[in-house]
Amino acid sequence: MRRWATLVLAAATASAFAAGGKQTGTLDSAIEALGADHVTSIEYSGSGKWYQFGQEPSPTLPPPEFNVSSYIATIDYLRASSRVQMASKQTVDPTRLRFPPHESRAEEYVVGDVSWTIGRPGGPATGLPVTTVPDPKNVEARAMEIWATPQGFLRAAAANHATSTPTNDGGSEVTFMLGKHKYVGKINAQNEVQKMHTWIDNPVLGDMLCEASFRGYRDFGGVMFPSEITRTQGGKLRLDLTISSVKVNPEVMIPVPEGMRAAMTAPVTATADKLAEGVYWIRGGQWHSVAIDQADHIVVVDAPLDEARSLAVIAKVKETIPNKPIRYLINTHAHFDHAGGLRTYVDEGATIVTLPMNQAFYERAWRAPHTLNPDRLARSKKTPKFEPVLNGKHVLTDGQRAIEIYEQVGTGHNDAIVMVYLPKEKLLIQVDAWNTEAVTAPYLDTIGGDFVNPYMVNLYENILRLKLDVSQIVPLHGPRTATVAELRKALLLE
Ligand SMILES: [Zn+2]
């Protein structure tokens, strides 16, 4: 037994030395082989697939897939800054699309701890004008992507006192801390960074595993770089690229646009607009909630984004409706921009009302540790309480006001989504079906023709199916409420 182990060890050690007697498969040999010590900036380009993480049509389906015709990442390792320019077009089942697929372009930036995006607000295909938008919630992910490149990983390892453990295939496992983030990478016997992983914070998934794998290294004009890069996030595919060209040490100057630095730490704000007696539209940027004043408690509809937004909304709700507890939070669907704030309401003592499929997802996802950015629930460790929406309808009532929650059936947007109807006030609260920023007009710029958004058609079909008498449609994205007559007009029915 011992003899066998010694032989295996001897074989492994032998293979870790190249012909010249120099040790291979180590951090130092990889730095030398990939030129990491003199690569201070890099630009790699390619094409492939990109996946819209957090926008899965249901918690059990993969994220929407996009064909990427051009992906250019320009990275300055010295200033920890990067720009990613991507041209993409959605490839999923056309019945799920809000718009006919068309190519869109976006640019993602990070400079130190400042991040912004140049593109169309609300997603690649909204048809809204291209703008520069601060993106504080993506600082961590974009910084991670700088070090999730082979040369970046090696430079960060060398600068952060990495420890190495030999692996039995003649390579080594390299581990280091970059701030609060632990990075682990595998160097193979050919002195290539084969894969790496780290964890970043996600409001839904907690400490979220992010992995990158690098395959098919070849000489790109003087530097060894992988010809295939795959990234995953939370166990799901994020990016799959075939690299076509690499530039070493390009000039990278990324000026931070005015206002972006201040926007990173700007306080989250929420405003309250009265929609009806005891019903308030709690708005912030493009993400809204609705608060309903019941006899001895409050019901809130939707918990968008993250804990910071939830805390701002809860403060505004308590100021608007004093001295009552928030007893229920109605969750519309599990897209991450509508689920990221839920945990704060669990900590607040609210019962989460949602469809069973979403409940199962949250119960599973919320067990993950939240050590990178501990939220209130991670500290209080309260057990989440749920009330499922069964058989397409659920009613909350205080004896005076009924709040009817309906499954929105047949929308391509999401397989487990609800809308909320207040029969006395004739208010219909809906999300992601009609953002009311415009009717069809702005989409015509990018799409052309008499295009009608099928999500809006589906909303109208659900109103008819349920025979709802609606005086105002209240969007959880969008600038204004609207009437059913306006919806019919937008659908070219009037
Ligand atoms: Zn959605």
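Trainee: What should I know before I start?

Mentor: The model is predicted: local features need pLDDT of at least 70, side-chain atom pairs count only at pLDDT 80 or more, and totals for chains, interfaces and linings use all residues. Residues are numbered from 1 along each chain as its sequence is written, and side-chain values use heavy atoms, with hydrogens and water left out.

Trainee: Which residues are the protein donors of the zinc ion?

Mentor: Donors are N, O and S atoms within 2.8 Å of the metal (3.2 Å for Na, K and Ca); water is not among the atoms, so sites may look incomplete. Here they are His-333 (NE2), His-335 (ND1), His-413 (NE2) and Asp-432 (OD), at 2.1 to 2.2 Å from the ion. Along the chain their spacing is H-x1-H-x77-H-x18-D.

Trainee: Why is the arrangement around the zinc ion irregular?

Mentor: Four donors count as tetrahedral if all angles lie between 85 and 135 degrees; four count as square planar and six as octahedral if opposite donors are over 155 degrees apart and all others between 65 and 115; anything else is irregular. Around this zinc ion the 4 donor atoms subtend angles of 85 to 173 degrees, so the arrangement is irregular.

Trainee: Where do His-335 and Asp-432 lie?

Mentor: First, the elements: helices (H or I, at least four residues) and strands (E, at least two) are DSSP runs, numbered from the N terminus. His-335 is in the loop between strand S18 (326–330) and helix H7 (336–339), and Asp-432 is in the loop between strand S24 (427–430) and helix H11 (441–446), so the pair ties together parts 97 residues apart in sequence.

Trainee: Are His-335 and Asp-432 buried or exposed?

Mentor: Buried means under 20% relative accessible area, exposed over 50%, partly exposed in between (1.4 Å probe, protein chains only). Both His-335 and Asp-432 are buried. Helix H3 (residues 139–147) has 7 of its 9 residues buried, so the rest of the structure largely encloses it.

Trainee: How should I read helix H12?

Mentor: Start with its span; the expected value is 1.5 Å times one less than the number of residues. H12 (residues 454–465) has 12 residues and reaches 16 Å from its first C-alpha to its last, close to the 16 Å expected. Its buried residues, Tyr-455 and Leu-459 among them, pack against strand S22 (402–407), strand S23 (418–422), S24, strand S25 (472–475) and helix H13 (484–490). Just after H12, Lys-467 takes a positive phi of about 55 degrees.

Trainee: How many bridges join strand S21 to S22?

Mentor: Two strands pair if DSSP finds at least two bridges between them. S21 (residues 393–397) and S22 run antiparallel, joined by 5 bridges. His-394 has Ile-405 in S22 as its bridge partner. The two strands form a hairpin with 4 residues between them, and Gly-399 in the turn has a positive phi of about 95 degrees. S22 also pairs with S23 in the antiparallel sense, over 4 bridges. There, Glu-404 stands opposite Tyr-421 in S23.

Methods
Contact means heavy atoms within 4.5 Å.
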